[in-house]
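Hello,

Here is the structure I promised to pass on.

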Amino acid sequence: MDTELWYNASDVYEAWRLLLSAGAELGSSPTFRYDLVDVTRQAAQQLVSDYYLSIRQAFQSHALPELLTAGGVLVYDLLPELDNLLSSHSLFLLGRWLESARAVATSDREAEQYELNARNQVTLWGPAGNILDYANKQLGGLVLDYYGVRWSLFVSVLVESLNSGIPFHQDQFNQAVFQVERGFVYNKKRYPAVPAGDTLEISRKLFLKYYPSALRRSQAGPA
């Protein structure tokens, strides 16, 4: 996974801090709340990359406790919190994306096909992952039920590899994760098209958890 950034990661964290500091004054503004989701989303994406690097280093060093810690934070806290954030705004909802596809159909059968196409577009982009993640989106519901499950499988496979002493095989993992990806495209689960939760509070919670260590890592640069 390529984690290289062309911009300064600490600038995003600073923008995040400044936006939250204006929350008391601007929190009722729809434009402000959209920007807050978007900047928090990007900060969280940077954090995902940081945890991936920690997971990779722990695996390469055969450090199982460190792998379990980093993997656990990513899968069981950071990604669910990101999904909660995205689910708090109507423009970041998977359900809204799917409902908009169904809305232009002229029959129930056509609606099912249009939803299938909409799911495929933001995930596999083709029946066999032809251009995997080409049009990937960070949407409430998609992060938890698609990316979260993929990350969980990835961490589990690495843990099993260290426990068993059997090397990690990328091709085998790709085949296993494809079943997860394809399963999401066809699972027909309904997702809310109406937001839930308070954007400002969710972003603030993420900030208090992750900002201090994230800023230290971004300022330290590559290890």
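**What I found**

Over residues 3–209 the chain is 71% helix and 0% strand, with the end C-alpha atoms 22 Å apart. Helices (H or I, at least four residues) and strands (E, at least two) are DSSP runs, numbered from the N terminus. The UniProt record, an unreviewed entry, places the feature "domain: Alpha-N-acetylglucosaminidase C-terminal" at residues 3–209; such annotations may be inferred rather than shown by experiment.

This is a predicted model, where local features need pLDDT of at least 70 and side-chain atom pairs count only at pLDDT 80 or more, while totals for chains, interfaces and linings use all residues. Residues are numbered from 1 along each chain as its sequence is written, and side-chain values use heavy atoms, leaving out hydrogens and water.

Let me begin with the core. A nonpolar core here is a set of buried Ala, Val, Leu, Ile, Met, Phe, Trp, Tyr and Cys residues joined through side-chain atoms within 4.5 Å. Buried means under 20% relative accessible area, exposed over 50%, and partly exposed in between (1.4 Å probe, protein chains only). Of the 63 residues in the largest such core, Tyr13, Trp16, Ile55, Leu74, Leu78, Leu142 and Trp151 touch the most other members. Among the elements that give two or more residues to this core are α1, α3 (30–60) and α7 (142–164), and α3 gives the most, with 13 residues.

Helix α1 covers residues 9–21, and its buried residues include Tyr13, Trp16 and Leu20. Leaving aside residues up to four places away in sequence, Trp16 touches Leu36, Val39, Thr40, Ala43, Ser203, Leu206, Phe207 and Tyr211 (contact means heavy atoms within 4.5 Å).

Now the aromatics: the structure holds 16 aromatic pairs. Rings of Phe, Tyr and Trp (its six-membered ring) pair if their centres lie within 6.5 Å; planes under 30 degrees apart count as stacked, over 60 as edge-to-face and the rest as tilted. Trp125 and Tyr134 have ring centres 5.1 Å apart and planes at 75°, so they are edge-to-face. Trp125 is partly exposed at 31% relative accessible area, and Tyr134 is exposed at 56%. Tyr146 and Tyr147 are also edge-to-face, because their planes lie at 80°, with centres 4.9 Å apart. Here Tyr146 is buried at 0%, and Tyr147 is buried at 11%. One aromatic cluster is formed by Tyr52, Phe59, Trp151, Phe154, Phe168 and Phe173.

Best wishes

Conventions:
The expected span of a helix is 1.5 Å times one less than its number of residues.
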